[in-house]
Amino acid sequence: MLTYQGKGVYGAVAIGKISVFKRQDVQVRREKIEDTEGELKRLEAAKAAAIEQLGEIYEKALKEVGEANAAIFEIHMMMVEDEDYNDAITEMITSQNVNAEYAVAITGDNFAEMFAAMDDAYMQARSADVRDISNRIIHCLTSSGSEEETSDEPFIICADDLAPSETVSLDKERVLAFVTAHGSSNSHTAILARNMNIPAIIGVGEEFLTAIKDGDTAVVNGFTGEFILNPDTATIAAAEKKRAEEQEKKELLQKLKGKENITLDGRKINIYANIGSVDNIGAVLLNDAGGIGLFRSEFLYLENSDYPTEDEQFKIYKRVLESMAGKKVIIRTLDIGADKQCDYFHMPKEENPALGIRAIRLCLNRPEIFRTQLRALYRASAFGNLGIMFPMIANVWELEEILDLCESVKAELTKDGIEYAEDTELGIMIETPAAALISDRLAPMVDFFSVGTNDLTQYTLACDRQNPEIDRFCDTHHEAVLRLIGMAADNAHKHGKWIGICGELAADTSLTEAFLRMGIDELSVSPSFVLKVRDIVRNIDLSEKK
Ligand code: PEP
Ligand code: MG
């Protein structure tokens, strides 16, 4: 049994036999051509055939993965016609008297390398797209046949890499999973895998290719990114158990998808999802969440080796908002410090970091960082239904400073002629006992509250949430914690504001009814808990006296 670690791009488990993906790689040789006109005609015919094939793939993708994801093949069609790309090929054929295959292969490599060298991760991922279209044109020039292996048994596809068109051409009925040695989670291949609901792992590394062979058994764990070759019986049993649990969840999903979050007596609530990255949006949509209740924006900073620029942040926030197509997206401003440390922030060493320069304190102490994020957020607000939320509030004056900063950022954008949504909701996290206790003063200043029960428990009970030794003292059901939540809910409603919970307790179904009785309007949970909570809500009757 051998275990390889890659990056899971779609969370599901598969067990089955391996089929090593064989591409009919064409050996491209440089040949001297006298009739360059004739060669250009061959090239045109091959391009026309490539476009026709891409049109067919686009239609297949449209049916299987929807318009947004099929769009990549429209882009491929455009790339085949791209002026710079074509000029480079034509120039090579005419000036060097070389065959079309060779000119396409060299130009494709050059363009792919140019994309790969770019700073932007999205542009880097386009490198695979250029290679894909170049290979397609070469195949058309040599008119080689099918690219896929055929077999009736379902299998786990293992490959060095898969091009988007190869991914979408896979017969979903027969593919249990796919695993690649290379690839990036930003690539369209990964995006397509998520949308096709195929368990997938990318970036397992070159070595796995030499270890595998057709017919070997493997376990693919798309949750953890683990690829287990020739698993023992205990590993297979554990994987089968996990797969059965997933199947059960899927059935629940089918039953509850599209249904309202409504109690038996007619009270509706919002069930949103918590995310830490754009990559989680597939899971949010798959689990039918009504919106995003907490986007922990600090992961963007933690994944970087330097401060993310306004533009980098803007692109990501915009993408999240556009993907959610008008549904609420609450982005929490930077919550760095305590357990989330970032080297390039050069934070001083603190005795008690959880009580130190953390979250809003860092942002107010270093307003240049905060302003950059606020500008990016407001710019993105024009592209969806944004709410901005501030963490670790304990004082009225903090909120006053924040609101002043927001006004000044908006004024700056107006002056620069940049659009933003004036009705962007502003909210705060209730995660310090102080915020809950003065929630009557804070409520008139914001549009909503969201309770961070993880920190509210830590700070109320004076229990370090990172310390497993004191787990039994860290009682999230403690009466003090629940009373503080109830107090914040009452104060929010007195001022006509809504209140949600986005800490882990929101998914604790033993408390769902208690939360609804307190008047909680929204619960934001990990994507995979959305339907479980919906199921519970739909079975609660608040008209029964308790
Ligand atoms: C919380 O404290 O409950 C919360 C949601 O924030 P985080 O877990 O990111 O501190
Ligand atoms: Mg918190």
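Arg375 forms a salt bridge with Glu310, with 2.8 Å between the closest N and O atoms. A salt bridge here is a side-chain nitrogen of Lys or Arg within 4 Å of a carboxyl oxygen of Asp or Glu. This pair links distant parts of the chain: Arg375 sits in helix H13 (residues 367-381) and Glu310 in helix H11 (residues 310-323), 65 residues apart. Helices (H or I, at least four residues) and strands (E, at least two) are DSSP runs, numbered from the N terminus. Arg375 and Glu310 are both buried, where buried means under 20% relative accessible area, exposed over 50% and partly exposed in between (1.4 Å probe, protein chains only).

A quick word on what you're looking at: this is a predicted model, in which local features need pLDDT of at least 70 and side-chain atom pairs count only at pLDDT 80 or more, while totals for chains, interfaces and linings use all residues. Residues are numbered from 1 along each chain as its sequence is written, chains are lettered from A and ligands numbered from 1 in the order in which they are written, and side-chain values use heavy atoms, leaving out hydrogens and water.

Back to the charged pairs. Side chains of opposite charge can pair when their charged atoms come close. A search of the whole structure turns up 30 salt bridges, including these:

| Pair | Closest N and O atoms |
|---|---|
| Arg375 and Glu310 | 2.8 Å |
| Glu412 and Arg371 | 2.8 Å |
| Glu44 and Lys47 | 3.1 Å |

Glu412 lies in helix H14 (residues 396-415) and Arg371 in helix H13, so their bridge ties together parts 41 residues apart in sequence. Glu412 counts as partly exposed at 26% relative accessibility, and Arg371 counts as partly exposed at 24%.

Glu44 and Lys47, on the other hand, both lie in helix H1 (residues 36-81), 3 residues apart, or about one turn of the helix. Glu44 is partly exposed, at 45%, whereas Lys47 is buried, at 6%.

Now for the metal. The magnesium ion (ligand 2) is coordinated by Glu431 (OE) and Asp455 (OD), at 2.0 to 2.1 Å. Glu431 is in the loop between strand E13 (425-430) and helix H15 (433-437), while Asp455 is in helix H17 (residues 453-461), 24 residues away. Donors are N, O and S atoms within 2.8 Å of the metal (3.2 Å for Na, K and Ca), and sites may look incomplete because water is not among the atoms. Glu431 counts as buried at 1% relative accessibility, and Asp455 does at 3%. Asp455 also belongs to a network of salt bridges with Glu298, Arg332, Asp335, Lys340, Arg358 and Arg465.
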